[in-house]
Amino acid sequence: MNDNIRKIINKKNKSKIVCLTAYSKNIAEILDSHLDIVLVGDSLGSVVYNYNTTRKVNLKMMIEHTKSVRMGVKKSLLIIDLPYNTYRNKSEALKNSKKAIKETRCDAVKIEGGNRVKDIVSHLVKNKIPVLGHIGLTPQTVKGKFKSKGKTEAEKKKLIKDALELEKSGAFGIVLECVHSDISKKITNLIQIPTIGIGSSVHCDGQVLVTDDILGLTNAKIKFVKKYTNIKKMINSAVLKFKQDVKSKKYPTKKYSY
Ligand code: KIV
């Protein structure tokens, strides 16, 4: 197991794991000094390409964006999401994970699913591919509306089984998406690998959010998204100033001319 991954596991019960998404170099560079993990999520589809589903994201897109992010990430663990239909069986998953890691030099892959993908996870891990699991709300396979998970007894049982099976299969951590507080607490206490929550309460070992959401770049109105700034406003005022300078010939002055 690579040292960076060992470091993430060792944070469990000691220090919260901080993770955000990135899709390109400039943002990744800013995130890198602050975070433990930078994730190139397939949220790329909605955030950058305005797709209504992550299912439209393909491996080529993920690889190109991860290559860009790689240029900005020097110290954090860099993880790529394997997109929909790229890990339907063990050999497809291994072939695509190897390709993604080779071409992007990222540290690990993330795949969605619990018990359903346990054999794929163990096959990847046996072949030295570090895997971050992802259970709860799994956007690649969601049917109908996005809903929180872990309300009913059946859902609770399934989530616990999913988490235990992923741990047994060798995943080094698990993203819990939109999982109710009591069950994310239970899972976090039950397994030895860290849980990274998105909309899954403070009980998780770490937290992940979509960077564009916390910066106020998207119009996300999601219960768990906290906007930490309003970059849209800042960009608007800079662009307006530039426009005014151009119109009034205040830009470019001699200083900005050859
Ligand atoms: O696609 C994504 O960005 C994700 C996280 C937000 C967990 O899967």
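## Overall size

With 258 residues, a compact globule would have a radius of gyration near 18 Å, and the chain agrees with this at 20 Å. That radius is taken over C-alpha atoms, and the globule rule is 2.2 Å times the number of residues to the power 0.38. The C-alpha trace spans about 65 × 40 × 35 Å along its principal axes.

This is a predicted model, in which local features need pLDDT of at least 70 and side-chain atom pairs count only at pLDDT 80 or more, while totals for chains, interfaces and linings use all residues. Residues are numbered from 1 along each chain as its sequence is written, and side-chain values use heavy atoms, with hydrogens and water left out.

## Burial and contacts

Of the 258 residues, 49% count as buried (under 20% relative accessible area; exposed is over 50% and partly exposed in between, with a 1.4 Å probe and protein chains only). Among contacts (heavy atoms within 4.5 Å) with a separation of 6 or more, 58% come from residues 24 or more positions apart.

## Backbone details

The chain has ten helices and eight strands. These are DSSP runs numbered from the N terminus: helices are H or I with at least four residues, strands are E with at least two.

Most residues other than glycine have a negative phi, and most peptide bonds are trans. Asn13, in the loop between helix H1 (3–10) and strand S1 (17–21), has a positive phi of about 65°. Lys128, in the loop between helix H6 (118–126) and strand S5 (131–136), also has a positive phi of about 65°. A cis peptide bond joins Tyr251 and Pro252, with omega about -5°; Pro252 is in the segment after helix H10 (231–247).
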